[in-house]
Amino acid sequence: MAEGTNDRALPATEELVLARQALDSGELAHAADHVAAALARAPTLPEVHETLAQLAAASGDGGVGLFPLQHHTFVGAVVARAHLLAAAGRPAEGLDLLIAATAHAPGADWAGVPWVTSPELAERLGPDQAARVLLQVCAAAPDPVPPAARPALAAYLTLARNAVTVHPEHGLLLGTASALARRVGEVPLAVRWATRGVRAAPSKMGEVWLGYALRSAGRTREALAALRRAVGHDPDDLAVYADIAGTLADHGRLEEALRWIEQALTRNPSFDCAVHTAHRLRFQRDGEVRHLVALADFVRDHPDDSHEHGDLAECCRGRPWLGQLTPAASATGAPRPRDVAGLDPAVGAVRPTPPPPSAEAARRLRELARPAWPHPPAAYDAAVGLATLDLPDLLGLLAHPPDVPQTALGRVLAGQDPALWVRCVQVWACLGLLHHRTDEPWATSTRRQVLVDLAREVEEVTEAALFALVTAAWVDPSVRPDVARVVAERLAATAATGRDRPVPAAPSLAHLALATPGLTPEAVALARTLTGPTAGRRRGSPRAVLRRLLRLLRPRIPGPPPP
């Protein structure tokens, strides 16, 4: 579905003037284009629908043929065809198209028209078809729907009300209506409908819908009882086990949650929902990064999971180096660009400061650099935008950080803590180095040589270089022993230095070590002794600035769509 037919953005009223002129001239196709454009801008405006009716009357087939469905069809044309199909006595087909428009642009009130909200539609559809329509709406809508977007779904909720009034004892219809009501914040109504649905026709899905509604209402004990009854209906539906485990864990019953998820894994060790939930709960229990690494490996090895999961991102969010960089060790701890040296790959030695990066390299990095990421593999994937930069450009970014971008992020950094921007640049430039000459075997590669030398020899970018190496270990199991050795050596050197003088970066390096796959137990123990207490709680400190930035820039991670 396309956003528009051209670059024009005329108001709906002007589009209607042009549509009527074309209609008067008999140019029906031209008129249809303008009506579609007007619908896209004002989908509920009565004048738009009046003009659409005039166009349909002037056409030989009720106007449907003027709005064909093609590979990329303008959303306004899709909506126009939906209304004309309903007028031609084919409302179910029309609803399918309206729901497709809702999925494409959920903020627009595509269905807020009389034929959708009329009680007559519910009678014509029948309960099974009405339930199918509501299921489609639920699939197209986020869960929950943000408050600002709920008015755009009001017409579908009215359709649900009308259908339930006409068919008050249809279990499937009541369950799907409950699912929609819950998504748009009508939780008490969702509980009532789901309760009636289970009473009318007990089923696994009915109990799941009831459990979700009760959970949203804060009635956890009853919600768990409903989900357990769902398991009784179908012991092989392992997604319900994951729902039960997640609910238990959310309410502090972690060991019971783990028992449920282990039951699911016993039945099917590779079922995606169970695997994701199990690793998340195990990490929640003991905080060991190996569970998250195993989850990342599973995600990489199973790209065709039934749906996208947010467990890995949820576990990494807000954690040092797993989901965000740490602030500078002190307000004055930012590196001076002139101190950042580079590596000459021809001779394998550190050389003087490289020249500034190209304008294109600086532009690309400004677009990418930010202080947070969903998880290390996601950061690696995002940095592919720097893959075509050459080595001098990547080293130049480290030595000469580009100016803070003129964005929301940049404005906060410029006013609060410019040092944090320099750290963002370092992290993303080093991630870019991971994509340099990836055809070279890791052990003898330029990317490894550069990153290891930066980590060992250039103190100002040690953490960024180590994070890139740690990220490489997350995405490539074959490099884990090598990276673990490099990190352990750097950690031991930091600890040794710390016996003679304070090392402000030691806690951050320790957190990096704790994020490293395959680190030895001895190195893990050392890292835990170096993490130290969290500092910088006062407002305006680097850590406080970072917290505000993360609230502003937190990535949106979709979770699994509940029924």
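Predicted model: local features only at pLDDT ≥ 70, side-chain atom pairs only at ≥ 80, totals over all residues.
Colleague: Which residues have the most contacts inside the largest nonpolar core?
Modeller: The largest nonpolar core has 80 residues. Its largest share, eight residues, comes from helix H4, residues 75–87. The residues with the most contacts inside this core are Phe 67, Leu 98, Tyr 156 and Trp 193.

Colleague: Which residues does Tyr 156 touch, not counting residues up to four places away in sequence?
Modeller: Tyr 156 is among the residues with the most contacts inside the largest nonpolar core. Leaving out residues up to four places away in sequence, Tyr 156 touches Leu 98, Ile 99, Thr 102, Ala 111, Leu 134, Val 137 and Leu 180.

Colleague: Are H3 and H4 roughly parallel or roughly perpendicular to each other?
Modeller: The axes of helix H3, residues 46–58, and H4 come within 11 Å and cross at roughly 65°. His 49, Leu 52 and Ala 56 of H3 make the contact with Ala 80, His 83 and Leu 84 of H4. Angles of 65 to 115 degrees count as roughly perpendicular. The two helices, H3 and H4, are therefore roughly perpendicular.

Colleague: Is H13 roughly parallel or roughly antiparallel to H14?
Modeller: The axes of helix H13, residues 220–233, and helix H14, residues 238–250, come within 9 Å and cross at roughly 160°. An angle over 145 degrees counts as roughly antiparallel. H13 is therefore, relative to H14, roughly antiparallel.

Colleague: How do the residues of the contact of H13 with H14 divide into nonpolar, polar and charged?
Modeller: Residues of H13 in this contact include Leu 224, Leu 227 and Arg 228, and those of H14 include Asp 243, Ile 244 and Leu 248. The contact residues divide into eight nonpolar, two polar and two charged.

Colleague: Which residue is joined to Pro 144 by a cis peptide bond?
Modeller: Pro 144 lies in the loop between helix H8 (127–140) and helix H9 (154–166). Omega of the cis bond is about 0°, and the partner of Pro 144 is Asp 143.

Colleague: Is Trp 321 buried or exposed?
Modeller: Trp 321 sits in the loop between helix H18 (311–316) and strand E1 (342–344). Its phi is near 70°, a positive value in a residue other than glycine. Under 20% relative accessible area means buried. With a relative accessible area of 1%, Trp 321 is therefore buried.

Terms used. Residues numbered from 1 in each chain as written. Heavy atoms only, no water. Core = buried A, V, L, I, M, F, W, Y, C linked by side-chain atoms within 4.5 Å. Buried < 20%, exposed > 50% of the residue type's maximum accessible area, 1.4 Å probe, protein only. Helix = DSSP H or I, 4+ residues; strand = E, 2+ residues; numbered from the N terminus. Contact = heavy atoms within 4.5 Å. Axes fitted to C-alpha atoms, helices over the stretch in contact; angles between N-to-C directions. Parallel < 35°, antiparallel > 145°, perpendicular 65-115°, else oblique. Nonpolar A, V, L, I, M, F, W, Y, C, P; charged D, E, K, R; others polar.
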